[in-house]
Amino acid sequence: MNILSYLQKIGRALMVPVATLPAAAILMGIGYWIDPVAWGGDNALAALLIKSGAAIIDNMSVLFAIGVAYGMSKDKDGAAALTGFVSFLVVTTLCSPAAVSMIKGIPLAEVPVAFGKIENQFVGILVGVLSAELYNRFSQVELPLALSFFSGRRLVPILASFLMIIVAFILMYIWPVIYGGLVSFGESIKDMGALGAGIYAFFNRLLIPVGLHHALNSVFWFDVAGINDIPNFLAGQKSIDAGLATVGITGRYQAGFFPVMMFGLPGAALAIYHCARKENKAKVAGIMMAGAFAAFFTGITEPLEFSFMFVAPVLYVIHAFLMAISVYIAASMEWISGFGFSAGLVDMFLSSRNPLAVHWYMLIVQGIVFFFIYYGIFRFTITKFNLKTPGREDEVSGDETADGYDEDIKTEPTNSKEGIQQEARQYIAAIGGSDNLTGIDACITRLRLNVKDSGVVNDAYAKRLGASGVIRLNKQSVQVIVGTRAELVANAMRDVLTQGPVPAYEGASASTVSTEKAPVKQANANTKVLLEMIAPFDGEVVALKDVPDEAFSSGVVGDGVAIKPTSNIVMAPATGTVVKIFDTNHAFCIETDNGVEIIVHMGIDTVALGGKGFKRLVEEGADVKVGQPILELDLEYLNANAKSMISPVIVSNIDDFDKIAEQVAGVVVGNKTVIYNVLK
């Protein structure tokens with residue numbers, strides 16, 4: 001994966017926490033409007049709104065850590081989010097001023113001021129990315145039996161804790177250098193007048209993605225280098241009387257932000273909306289409208305900026321240049337307005353009566369011009385270079401250079417690593433390539449795939465690879481029936497995707513899915529009963545065609561019957577080897593000595609329960625006798641939470657035999673009733 005693709009992946013992950021920011025911005029903006037002087041000190045409602053919004057804004061860094069870890073995890077699991085939170089806590093605690101004082105053995109007063117700013121977006125994104133990589137790499141690791149409790153997802157936060165100690169140690173030495181370098185840079189341009197203000201604004205925007213703009217802001221807005229722009233402006237006449245401020249000069253590092261935040265970025269939001277694909281416009285409209293309102297009303301721009309800064313970095317650099325031009329123009333023309341919170345309508349209104357505000361209304365005129373500049377430049381750049389801004393993600397294209405699938409189709413399963421990966425690559429091609437594939441999961445017999453467009457899936461090619469059938473649940477969900485190797489193939493598909501893009505199969509066009517069951521072989525004079533299938537639990541028989549899952553009802557998974565259970569122990573319906581028990585314990589497969597492959601699938605879509613309600617009583621690979629308990633059910637929980645507890649008991653390789661005959665109906669008793677016979 002190249003750097004740009006990786007940045008786009010981070011950008012998509014950031015949309016999870018960024019989606020919370022508009023609400024915070026609106027709450028705070030209304031609060032400041034109600035109580036502009038005391039910021040909640042003189043009004044309980046204002047305090048409630050401001051503190052509610054600040055709870056999100058002030059913790060943006062930890063939200064980034066959690067959101068990035070979750071968004072970049074391979075299966076969007078909560079354990080990844082927990083890992084991000086743990087990582088952030090370890091790093092920021094070890095790099096806090098008090099901890100640095102103790103670890104380095106220096107007085108607290110001598111700890112560099114940089115450590116007081118350690119809770120920033122840069123650290124949040126950094127630990128989020130590292131946490132996601134740890135999760136993706138180690139969440140499936142199985143430890144020795146004595147340590148098995150800590151296997152898999154439980155292992156990741158533990159590993160993260162140790163890794164973050166190393167990260168914190170490194171930051172103890174490089175963070176003060178980074179922070180101090182930015183402060184020194186700011187001090188070097190403070191005497192360059194309007195040009196210096198423009199340079200400052202350019203780097204202010206460039207540093208937003210990593211949260212280091214605060215270091216630069218402190219030089220110009222506060223008293224690090226004697227400028228103290230914001231306090232001097234807010235003090236108004238008092239600053240003039242004390243000789244601390246000059247009309248037309250104080251506010252030069254703030255005024256030019258108003259045209260961009262109030263007008264320019266909303267223009268960019270409109271361009272992004274207009275460039276979105278038709279089917280995505282409604283979703284994009286909601287995001288862009290909320291972000292534009294937050295920017296105009298309160299001056300909080302992160303919801304808009306984070307929506308495109310990683311997925312289309314060139315736009316963000318253009319945005320930084322335009323911000324620099326805006327600040328330079330305002331400073332040169334001495335159109336001055338200042339802010340206490342940010343450059344939005346609230347602060348412009350409040351500052352308009354300040355004696356240090358000069359021709360502040362011209363910033364509105366400048367802003368209207370910048371609205372059209374932003375809209376025109378963003379729309380042209382997005383369409384000209386096909387940038388992947390929100391709503392255009394479906395246009396991502398993969399590497400079309402690979403081919404040769406026809407010549408090397410794997411029709412016989414192989415368990416070698418190379419063979420499985422080749423098979424996985426071919427299934428990805430059948431799905432429409434890596435560009436069409438957005439999620440991979442597996443049940444005991446099927447690949448459960450999320451796609452951008454199920455219409456491009458090539459059924460014929462998938463069946464040539466060995467799939468029994470392809471089922472389209474909707475436009476974004478496809479199931480490919482591959483038999484009991486489904487989980488193995490799914491894992492291989494994930495591995496293949498980490499190696500680079502896979503193009504779509506370019507052979508014969510995709511065919512429509514046939515839901516007709518293959519004709520059953522007719523019994524001949526020498527037909528005999530090969531296997532009696534015994535009911536694995538008590539319950540009422542349901543015809544397979546009535547199962548509320550097309551994969552089973554159409555017969556593409558296999559033939560048999562279904563039973564709605566009334567007892568809580570699931571037994572082996574025949575003697576054989578448990579060749580597969582799904583991780584969530586909702587299904588298992590038994591292979592008999594005469595080659596019959598039996599699947600017992602408890603309920604429909606019960607994989608979504610994550611194992612709740614199921615208890616495994618034997619392990620995968622165990623030899624079992626008919627009637628031996630395999631699973632224990634919490635039927636009360638399952639009946640309340642499962643989509644359906646109708647449970648298929650089928651033969652997945654029925655085509656290798658004659659047919660299934662003498663299917664029973666009505667109520668059956670576990671380990672007693674013969675539900676059907678497999679004929680040979």
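Reader: Which residues in helix 7 meet helix 8?

Author: Happy to start there, in what is a predicted model. Helix 7 covers residues 121–138 and packs against helix 8 at an angle of about 145 degrees. On the helix 8 side, the contact includes Leu155, Leu159, Leu163 and Trp175. Facing them from helix 7 are Phe122, Val123, Leu126, Val127, Leu130, Leu134, Tyr135 and Phe138.

Reader: How many nonpolar, polar and charged residues does the contact of helix 7 with helix 8 have?

Author: The axes of these two helices are 10 Å apart, and their crossing is right-handed. Sorted by class, the contact has no charged residues, no polar ones and 17 nonpolar.

Reader: At roughly what angle do the axes of helix 5 and helix 8 cross?

Author: Helix 5 spans residues 78–94 and helix 8 spans residues 155–188. Helix 5 passes helix 8 in a right-handed crossing. Their axes come within 8 Å, and the angle is roughly 30 degrees.

Reader: How do the residues of the contact of helix 5 with helix 8 divide into nonpolar, polar and charged?

Author: From helix 5, the residues taking part include Leu82, Thr83, Ser87 and Leu94. Helix 8 brings, among others, Pro157, Ser161, Ile165 and Met172. The division is no charged, three polar and 14 nonpolar.

Reader: UniProt lists residues 282–300 and 358–378 for "transmembrane region"; how far apart are the end C-alpha atoms of residues 358–378?

Author: Both spans come from an unreviewed UniProt entry. Residues 282–300 are 89% helix and 0% strand, with end C-alpha atoms 23 Å apart. Residues 358–378 are 81% helix and 0% strand, and here the distance between the end C-alpha atoms is 31 Å.

Reader: Which strands stand at the edges of the open sheet?

Author: Eight antiparallel strands make up this sheet, in the order 13-9-10-11-15-7-6-17.

Reader: Which residue stands opposite Gly576 in strand 13?

Author: Strand 9 takes in residues 576–581, and two bridges join it to strand 13. The two strands run antiparallel. Opposite Gly576 stands Val624.

Reader: Over which residues does pLDDT stay under 50?

Author: The protein's mean pLDDT is 82, with 85% of its residues reaching 70 or more. Where pLDDT is low, the predicted coordinates should not be read in detail. Two stretches call for that care: residues 394–408 and residues 509–525.

How values were computed
Residues are numbered from 1 along each chain as its sequence is written. This is a predicted model: local features need pLDDT of at least 70, side-chain atom pairs count only at pLDDT 80 or more; totals for chains, interfaces and linings use all residues. Side-chain values use heavy atoms; hydrogens and water are left out. Axes are lines fitted to C-alpha atoms, for helices over the stretch in contact, and angles run from 0 to 180 degrees between N-to-C directions. Helices (H or I, at least four residues) and strands (E, at least two) are DSSP runs, numbered from the N terminus. A crossing is left-handed if the near helix is turned anticlockwise from the far one by less than a right angle, and right-handed if clockwise. Contact means heavy atoms within 4.5 Å. Ala, Val, Leu, Ile, Met, Phe, Trp, Tyr, Cys and Pro count as nonpolar, Asp, Glu, Lys and Arg as charged, and the others, Gly among them, as polar. UniProt positions are given in the numbering used here, feature names are shortened, and annotations may be inferred rather than shown by experiment. Two strands pair if DSSP finds at least two bridges between them. pLDDT is the predictor's confidence in each residue, from 0 to 100.
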